[in-house]
Amino acid sequence: MAGKPVLHYFSGRGRMQSIRMERLLPAAGVEFEEKFRESPEDVEKLKNDGWSLMFQQVPMVEMDGMKLVQTTAILSYIATKYDLYGKDMKERALIDMYAEGLVDLLEMIWSPLLCPQEKDAKIALLKDRTVNRYLPVFENALRTRISNLMNVKKFLQPGSLRKPCVTAKEVEEERKIFKF
């Protein structure tokens, strides 16, 4: 597929967030199109389109004639294509560790919203691990490594595109779309 990458997801935050608005594609300076899945029928249509959704779940990114699925695979492809995946194996391994840590943190953040059983315990664990485990690592990386990359420096300047915080209404819509 020539042209802009096409991102398929719902309009809220989630696994696509690391790819779109606040992360990889803008850091690479790549414009993209989004096709929001707004109903269970939209997701079913993609699921029934052969191998478009290999594991029958979004996110999916169409680019370079491919339909990429699975967040880590999408991130690796885009980072490699736009020369943001490190200069050698050691840097790529470090990038992968940060990326997987971010995925772990995002799963913890979404857990109380999507599965409200034992919500208070999940939130307490989330606060503890965010403050004591994840933020110190990401802060150190931002201060010492990431913010010195030219594309990232440009992206961190005021006026960069930012998606507003997710609302309770968006969470409820996502629950309906994905039948949680």
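These legends walk through several close-up views of a predicted model.

**View 1. The whole chain, as a starting point.** The chain holds 7 helices and 4 strands. Starting at the N terminus, its elements follow the order β-α-β-α-β-β-α-α-α-α-α. Of the 180 residues in the chain, 34% are buried. Among contacts with a separation of 6 or more, 57% are between residues 24 or more positions apart.

**View 2. Val30, in the loop between H1 and strand S2.** Look for Val30 in the loop that links H1 to S2, the strand of residues 33-36. Is Val30 buried or exposed? Val30 has a relative accessible area of 13%, and because buried means under 20%, Val30 counts as buried. Leaving aside residues up to four places away in sequence, Val30 touches Pro5, Leu25 and Tyr82.

View 3. Pro59 belongs to the loop between helix H2 (40-47) and S3.

**View 4. Asp64, between two strands.** Asp64 sits in the loop that connects S3 with S4. What is the phi of Asp64? Asp64 has a positive phi of about 55°, although Asp64 is not a glycine. With a relative accessible area of 35%, Asp64 is partly exposed.

**View 5. Helix H3 and what covers its buried residues.** H3 spans residues 71-81, and its buried residues are Thr71, Ile74, Leu75, Ile78 and Ala79. Where on the helix do these residues lie? Seen down the axis of H3, the buried residues fall within an arc of 120°, so they line one face of the helix. The cover over these buried residues includes helix H1 (24-28), strand S3 (60-63) and strand S4 (66-69).

View 6. Following H3 comes Asp83, in the loop between H3 and H4. Asp83 is not a glycine, yet has a positive phi of about 55°. Is Asp83 buried or exposed? Asp83 is exposed, with a relative accessible area of 67%.

**View 7. Helices H4 and H5, side by side in the picture.** This view pairs H4 (residues 89-114) with H5 (residues 119-144). The two axes come within 9 Å of each other and cross at roughly 155°. Since angles over 145 degrees count as roughly antiparallel, H4 is roughly antiparallel to H5. The crossing of H4 past H5 is left-handed.

**View 8. The contact between H4 and H5, residue by residue.** On the H4 side, the residues that meet H5 include Tyr98, Leu102, Leu105, Met108 and Ile109. Gly101, Asp104, Ser111 and Pro112 of H4 take part as well. From H5, the contact includes Ile123, Leu125, Leu126, Val137, Phe138 and Ala141. Also on the H5 side are Lys119, Lys122, Arg129, Thr130 and Tyr134. How many residues of each class are in the contact of H4 with H5? By class, the contact has 13 nonpolar, 3 polar and 4 charged residues.

Note on methods
Residues are numbered from 1 along each chain as its sequence is written. This is a predicted model: local features need pLDDT of at least 70, side-chain atom pairs count only at pLDDT 80 or more; totals for chains, interfaces and linings use all residues. Side-chain values use heavy atoms; hydrogens and water are left out. Buried means under 20% relative accessible area, exposed over 50%, partly exposed in between (1.4 Å probe, protein chains only). The arc is that of the directions from the helix axis to the C-beta atoms. Contact means heavy atoms within 4.5 Å. Axes are lines fitted to C-alpha atoms, for helices over the stretch in contact, and angles run from 0 to 180 degrees between N-to-C directions. Angles under 35 degrees count as roughly parallel, over 145 as roughly antiparallel, 65 to 115 as roughly perpendicular and the rest as oblique. A crossing is left-handed if the near helix is turned anticlockwise from the far one by less than a right angle, and right-handed if clockwise. Ala, Val, Leu, Ile, Met, Phe, Trp, Tyr, Cys and Pro count as nonpolar, Asp, Glu, Lys and Arg as charged, and the others, Gly among them, as polar.
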